[in-house]
Amino acid sequence: MENKIIKEILNNNVVAFPTNTVFGLVAKVEKNNIYKINLLKKRKKDQPLQILVNDFKQIKNDILLNDFTIKFFKENLNKKTSYIVRPTKEFYNKNLLPSFENSVMFRIVDGPISKLIKKTGPLFASSANIHGETILNDNNDIKNTFKIPTSKIKQKKGNPSKIISLLNDEVKIIREIK
């Protein structure tokens, strides 16, 4: 694992790292890092971000679970799908902004990003692109665009994750995988 990348994250800096879908801008789950990532992407400073975790155990105490969500997750957890759920009040107050509108999106990942999370803890993440532009997957393009530490690991060709909302005890597909 790249020690410089780990050190940057632990110092609350944003880095570029390949996820299990696309190259992402990632940082520790900490309120100020929401602003940092959105500033790099040139979008609203409080735009909600998703959280990447290694397994459901890392997020289950931070989200509200009821019979509907428990049943859904037992049957449907997928590593290329992001889920929108309600956070606990404590998690929301500590880590999120009002713009998250009492919801949080998380995705369970694998591969190199999972190894990184084992060393840093869960990460805020957003695709590596300027808002509204094509997602960058080349390490040099990302480094030149964002001027941040960038992993040397190559990103495999991938698509952004499918997004499913589980708010209001219903399954609503927000984005399909193309």
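This is a predicted model: local features need pLDDT of at least 70, side-chain atom pairs count only at pLDDT 80 or more; totals for chains, interfaces and linings use all residues.
Asn38 belongs to helix H2, which covers residues 31–41.

Asn38 counts as buried because its relative accessibility is 0%, and the cut-off for buried is under 20%. Apart from neighbours within four places in sequence, Asn38 has contacts with Arg43, Lys44, Lys45, Asp46, Gln47 and Leu49. Leu25 is 13 residues from Asn38 in sequence, and their C-alpha atoms are 9.5 Å apart.

Asn129 is found in the loop between strand E6 and helix H7 (139–146). With a relative accessibility of 6%, Asn129 counts as buried. The side chain of Asn129 takes part in two kinds of pairing: with the side chain of Ser127, as a polar contact at 2.6 Å, and with the backbone oxygen of Glu133, at 2.9 Å.

When residues up to four places away in sequence are not counted, Asn129 touches Lys41, Thr134, Ile135, Leu136 and Phe146. Of these, Lys41 is in the residue range of helix H2 (residues 31–41), and Phe146 is in that of helix H7 (139–146).

## The E7–E8 hairpin

Strands E7 (residues 162–165) and E8 (residues 172–175) run antiparallel and are joined by three bridges. Across this pair, Ile163 is opposite Arg175 of E8. Six residues lie between the strands of the hairpin, where Asn168 adopts a positive phi near 60 degrees.

## The largest pocket

The volume of the largest pocket is about 870 Å³. Its lining is made up of 38 residues, and those nearest the centre are Arg43, Gln50, Met105, Ile163 and Arg175. Arg43, another of the residues nearest the centre, is among the contacts of Asn38.

Several strands contribute to the lining: E2 (23–28), E3 (50–53), E5 (104–108), E6 (123–127) and E8 each provide at least two residues. By residue class, the lining of the largest pocket has 16 nonpolar, 14 polar and eight charged residues.

Conventions: Residues are numbered from 1 along each chain as its sequence is written. Side-chain values use heavy atoms; hydrogens and water are left out. Two strands pair if DSSP finds at least two bridges between them. Helices (H or I, at least four residues) and strands (E, at least two) are DSSP runs, numbered from the N terminus. On a 1 Å grid over the protein atoms alone, a cavity is a set of points where a 1.4 Å probe fits but cannot get out, and a pocket is an open set with protein on both sides within 12 Å along at least five of seven lines; lining residues have an atom within 4 Å of a point. Grid points are joined across faces, edges and corners, and a volume is the space filled by probe spheres set on the points. Ala, Val, Leu, Ile, Met, Phe, Trp, Tyr, Cys and Pro count as nonpolar, Asp, Glu, Lys and Arg as charged, and the others, Gly among them, as polar. Buried means under 20% relative accessible area, exposed over 50%, partly exposed in between (1.4 Å probe, protein chains only). Contact means heavy atoms within 4.5 Å. A polar contact is a pair of N or O atoms within 3.5 Å; within protein, one must be able to donate a hydrogen and the other to accept it, and residues adjacent in sequence count only if both atoms are side-chain atoms.
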